[in-house]
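Good morning, colleagues. Please turn to the sequence and the structure, which I shall now bring up.

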Amino acid sequence: MLQRLIAFGTILLVLGFAAAQTTLTIGRAGDVNDMNPFRQANNLTAEVTYQIHEGLMRYGPDLELVPMLARDWELLEDGVTWRFYLQEGVTFHTGNLFNAEVVKWNFETMLNPEAPGIAAGLLTAFESLEVVDEYTLDVTLNEPNFIFLNILGAALFMIVDMEHYLAVGEANYGQSPSGTGAFKFVRWDPGERVVLERNDDYWGPVGAGVDRVVFQSIPDESARVLALLTGEIDMAFTVPADQMGLIERAQNMQVFRTPTFRTLFLESNIKHPRLTENVRYAIAHAIDRNQISTVIGENGVPAFGHGPPESVGYFDHSLPFDPEEARRLLDEDGWTVGSDGIRSRDGERLTLNVLTRGVTAGEIDALQVVQLQLRRVGIDLTLERVDAAAFTSALNTGALRWKEDGLPPLTEMWTTGSGIRTGEVGYLQNRPLCFQTVRAWYAIDCTPEYDEAFSISQSPAPLEERLAAYEVMGEYNKLWQHRHPLFHVQSNIGAKDSIQGFVVDPQDSLDLRGVTIGN
Amino acid sequence: MLVFIGKRMLQLIPVLFGVLLITFAVTRFTPGDPAELAAGEDATQAMIEATRTRLGLDRSLPVQFGLYALRAVQGDLGTSYILGYKVTTLIGQALVYTGQLALVAMIVTIVLGVPLGIVSAVRRDTAIDGIARLVALIGVSIPNFFFGLLMILLFSLYLGWLPSFGTGTWRHLILPGITLGTFSTGLIARLTRSSMLDTLEQDYIRTARAKGLAGWVVVYKHGLRNAGIAIVTVLGLNLGNLLAGSVLTESVFSFPGIGRLLVNSIFNRDYATVQGAILVIAIIYVLVNLLVDMLYAVVDPRIRY
């Protein structure tokens, strides 16, 4: 009898425990790729790996860098050495110890020339890495750089459990990641979901507020919204603009609408024979962003520069909407209007092809509006939708043709949806033009003054000087008119009312610490 | 029969070699470079080259193909560039899910499609025939993703009977299974109707009726058995289609089947997974066709191998 009672009691306990378990299920547009932070940085993957791993620092709500695994840092007197003071007593999920040696190894692995990690192209080259003591690391750069810290604060540089990585091997790490984060990896069902659980030994003051997090892939956007409405998931990410109202009107639901630091640009190759300065300026004058905004609705807000006005170094490089001026510029270039309203010159039509991946919500709608607006001034814009791989390949091939063979590039126009991850517009600006890599898509010539301004903007110079440098870069962007910002993407999220403590990060780095499920 | 099966199996070898060669060539000649994608947006040319070496894509095409074919013969289809898993593991998991879904869809097709076609044929030009034909027409015309969403709306949101996405229990299979089976149900119903109409007009049917046989015996034993060859052929092809996966249905119901695995791999230029998945799908088609040929002998005793 006693045995039965004990068994019954145990069952009740287990049941009670199970009922008290809280699981936060998030429906997203897709699944993760390999969860190795050195290899993958796409948003869907980083959103998950950033719950498991942490950086040395991260961005606070006001875009300031807040300490994470580095409790403090300072620039030494030589102006190129950053000293990082690390948190003590932090362990990885495997129990391995976090210390300066581990951070040093993480830097070395990220910058390994044989197999460079995803942030290698953004980080400045290092002179040396020196472990001062168990919890202090000196990083000496080749040249003064301030943005270096911003990269470390983005979801691009996460500290990986060295011993575990070396034990399981590079190829297998992505299937059993271990970091210092508030959530531990439990399971990955490829194509379906990733399950994380609370890290009870978390070092930080605010840890996981739920026992489990499930990142569920529901690719169809309508199905994702329906799953939220049926209550099967607690949150739906990337909700289409036209379905936000549906969630808002439903009972016990809430919505989060946040303008992000992601901007959609219509871009030009300025060496293309048809994309002369007059044509690029005409395009800039022909675009009416208010009309775009009306059509795309809650997908975004009008954009006039790199990143939204609150980003550091913001500069409005757009030209005013003035179709008359656009027509005048085209007339001046000798383009005459034909019977179908499209201009031509010496038998050549003013047709421009835009390569688009169409992955940003509202992108195709916005492009169709621009297509109509350009048609009104006599430019025939054709839209060609391709997948990401074909897109990159076409632009790289075009750029190489120009850089190496001096031939006119083949690509004409394209769109990019780029997000700032460092709070500063420099993240999205053209890298120094005199040292362009394969991604010289715009075919802009070496411009030493621009490069110098870029270099100052990324240096530890006082903010005023850096802002002045950003202004110089902004003026160049205005002069070149190679990137027409169309809109800043709005993040649309639907959630149950019971979800508390959720804050949307405009820079796409999700932080689930402190999120709880109420009644 | 065994000789027949043996011969067909031998035919598999050139077919599969062809599939290996064609998928290898198509992936290599499609615009887009996996190294560029894997190296990330801010990669320098040197980083792209390093990634290419890491992925083994810096070798000449014949060497790449030779190595690939050699490993494939030993059952090693390589490792996914973007997921990090063995391709055989990924395909194995996806096939289990797709197989479950295909099974439900086949059951729906056979249980609904065939009787619908028979009723339609037997009650030709009546109101019942009209309704059955309309249902079949809707079945073949309605887009999967739209029908799937309607099903979720009704059975998950309004009635709350069934889960709207995912895997795990038999209940998760019902909505996607029915959705996936709609097209083939309509197709089979229409095919059954026309085959049955042809058959029911034959002299031997009139003879059977004249003998005084019961109506259902005439329809099933004399009618359906003779109309069966065409139905079995299409059902077989359909099974091949179902096992090749359905991207739309899998996307709506968030089902990690082989269709989505393949499409995602194509977008990511994950050559190893694309080649592996197509190879496996080709093997499935060949085996299903073999199965259909064997079933002919069961349906029609006049056929002997």
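How many salt bridges does the rule find across the interface of chain A and chain B? There is one, where a salt bridge requires a side-chain nitrogen of Lys or Arg within 4 Å of a carboxyl oxygen of Asp or Glu. The side chains concerned are those of A:D387 and B:R269, at 2.7 Å, N to O.

The model is predicted, with local features needing pLDDT of at least 70, side-chain atom pairs counted only at pLDDT 80 or more, and totals for chains, interfaces and linings using all residues. Residues are numbered from 1 along each chain as its sequence is written, chains are lettered from A and ligands numbered from 1 in the order in which they are written, and side-chain values use heavy atoms, with hydrogens and water left out.

Contact, meaning heavy atoms within 4.5 Å, involves 46 residues of chain A and 41 residues of chain B. The area buried between them is about 3500 Å², with 56% given by carbon and sulfur atoms; buried area is the accessible area (1.4 Å probe) that two parts lose on being put together, summed over both.

I turn now to strands within chain A. Strand β17 (residues 351-356) and strand β18 (residues 380-385) of chain A pair in the parallel sense over six bridges; pairing requires at least two bridges found by DSSP, and strands are DSSP runs (E, at least two residues). Within this pair, A:L352 stands opposite A:L381. β17(A) also runs parallel to strand β19 (residues 413-419) of chain A, joined by two bridges, and A:V354 has A:M413 as its bridge partner there.

How values were computed
Helices (H or I, at least four residues) and strands (E, at least two) are DSSP runs, numbered from the N terminus.
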